[in-house]
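Welcome, and please have your viewer ready.

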Amino acid sequence: MSNIAELNPAPLWAHFSKLCEIPRPSKHEDRVVEHIVNFAKARGLGVQLDEIGNIVIKKPATPGMENRKTLALQSHVDMVPQKNADTEHDFLTDSIKPYVDGDWVTAEGTTLGADNGIGVAAILALMESTDIPHPALEALLTIDEEAGMTGAKNLKPGYFEADLLLNLDTEDEGELYIGCAGGVDVNVSLPYTPEAILPGAEAVKLSVRGLRGGHSGLDIDKGRGNANKIANRIIHAALTQVPELRIASLDGGSLRNAIPRESFTTLVVPSVAVDKVQEIVRSESAQIARELDNEAALDITLEATETPANTLDADSQLTLIRAIRCCPNGVERMSTALEGIAESSNNLARVVTMEENGEHRVKIQCLVRSLSDSARDQHGLNVAATFQLAGAETTLDNDYPGWTPNPDSPLLAMMKDVYKDMTGEEAEVKVIHAGLECGLLAKPYPNWDMVSFGPTIRRAHSPEEKVHIQSVANFWDYFIKVVQAIPTRD
């Protein structure tokens with residue numbers, strides 16, 4: 001079934017289906033913003049863009065609900081653009097192709113955009129409704145959440161009257177989130193001197209594919225393989241036995257907040273040593289597969305390829321390999337206050353060679369997360385120091401704060417009661433290692449009492465992203481019940 005607009009609840013799925021038609025990768029949200037603004041104007045809703053381009057929509061209370069507190073609803077309009085290497089898709093021009101796969105909706109070879117498209121669709125469906133009682137509503141639809149939280153960072157006071165906010169950007173039905181990790185990007189630039197290809201050498205391409213990848217916050221504690229680390233390990237093993245081996249190009253990972261699933265490296269090897277390198281690749285691959293027994297689809301190959309123009313010099317190459325080996329990756333420390341939650345982590349997200357202003361460089365990007373802002377900063381400095389010792393230039397930027405939990409939140413208490421009445425079960429109250437915009441939103445609106453929730457989404461930030469159909473229906477029902485349970489003004 002490809003017509004997901006026929007699923008239940010129809011209003012929500014119809015809006016999500018439309019969102020899938022509109023390209024909306026981070027930093028390229030113009031078309032989806034235009035679509036939502038036109039949607040609001042066509043229905044007589046109050047709508048405006050703030051200074052940075054976030055969308056603000058307002059809808060009056062329905063009759064009989066005028067004495068309830070004003071409620072703010074928040075989601076982000078952008079999505080992570082990830083695809084499989086063999087998928088032909090341009091995220092700037094092509095529509096996402098969702099389809100039903102059993103109990104789930106997924107997409108053909110790309111991210112689905114359920115993160116956070118389902119939240120956006122739920123807000124639009126409620127804003128469009130004519131038969132759902134609700135208090136006065138204020139929607140905040142932010143831009144560029146996935147690539148820097150630009151919209152939330154630049155939100156100004158004065159746009160909202162609400163004291164309560166529902167963030168619809170978490171990914172497990174039945175869980176209510178009241179806190180999240182903050183983060184900081186570590187950007188690395190290592191210059192190198194290009195060397196000419198020596199006579200009697202051949203070019204081969206080392207490909208690491210088939211890893212599960214996933215969200216660098218939600219999945220960082222699951223022990224999944226990192227394609228950049230794996231490729232580096234194999235190259236190092238080969239170099240110890242074939243010292244003439246040279247790296248010509250690196251292209252590993254794609255986005256800072258996605259665990260790297262693929263890496264592609266062009267190597268130059270003496271012709272007489274190609275078979276030896278092939279043997280090393282097979283041996284290392286077998287060992288890695290045994291170690292990563294949760295990565296059943298891991299596929300590592302070495303194949304002939306076109307001869308490049310040049311390679312890294314030997315000193316820069318060895319320095320780079322050693323630095324990547326030393327770079328922390330994965331969970332650094334588990335929380336002692338919150339059982340089962342990672343406190344601090346790093347994702348070695350992107351490794352790529354490039355020529356920039358006539359200089360040849362290796363660029364590396366990491367995303368450090370922590371529940372503690374001070375621990376975030378210290379771990380970011382630790383990661384940066386690893387590459388500074390290798391002579392690289394490093395910067396830390398795009399930092400954002402965590403969201404401090406408030407277990408005594410009146411909104412949380414109400415939402416727990418609604419969930420218990422609806423399901424007969426207790427909602428789980430949690431803190432998430434991923435980044436939510438709530439910590440940033442609290443700066444211009446410190447009065448906001450906030451809770452985040454959503455339907456069940458799996459493998460976000462990867463082409464295996466999927467959303468559970470029944471959980472969307474349950475999420476919608478719960479969302480409407482919470483909206484209708486908003487208390488009266490004092």
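Start with the aromatic rings: a search of the whole structure finds 10 aromatic pairs. Here rings of Phe, Tyr and Trp (its six-membered ring) pair if their centres lie within 6.5 Å, and planes under 30 degrees apart count as stacked, over 60 as edge-to-face and the rest as tilted. Select Y445 and W448 to see a stacked pair, 4.4 Å centre to centre with 15° between the planes. Both of these residues, Y445 and W448, are buried (under 20% relative accessible area, with exposed meaning over 50% and partly exposed in between; 1.4 Å probe, protein chains only).

A note before you go on: this is a predicted model, in which local features need pLDDT of at least 70 and side-chain atom pairs count only at pLDDT 80 or more, while totals for chains, interfaces and linings use all residues. Residues are numbered from 1 along each chain as its sequence is written, and side-chain values use heavy atoms, with hydrogens and water left out.

Next, pick F475 and F479, a stacked pair at 6.1 Å centre to centre and 5° between the planes. They are 4 residues apart in helix α11 (residues 469-484), so about one helical turn separates them. Helices (H or I, at least four residues) and strands (E, at least two) are DSSP runs, numbered from the N terminus. F475 and F479 are buried.

For a charge and a ring, go to K466, whose charged end sits over the ring of W104, 4.4 Å from its centre (NZ of Lys or CZ of Arg within 6 Å of the ring centre and within 35 degrees of the ring normal).

How many disulfides does a search of the whole structure find? It finds 0, a disulfide being a pair of cysteine sulfur atoms within 2.5 Å. Show C366 and C327: the closest cysteine sulfur to that of C366 is in C327, and at 4.2 Å it is too far for a bond. C366 counts as buried because its relative accessibility is 0%.

Last stop, the largest pocket, with about 430 Å³ of space. Among its 24 lining residues, D172, Y177, L218, D219 and K222 are the closest to its centre. β20 gives the most to the lining, with 3 residues.

How values were computed
On a 1 Å grid over the protein atoms alone, a cavity is a set of points where a 1.4 Å probe fits but cannot get out, and a pocket is an open set with protein on both sides within 12 Å along at least five of seven lines; lining residues have an atom within 4 Å of a point. Grid points are joined across faces, edges and corners, and a volume is the space filled by probe spheres set on the points.
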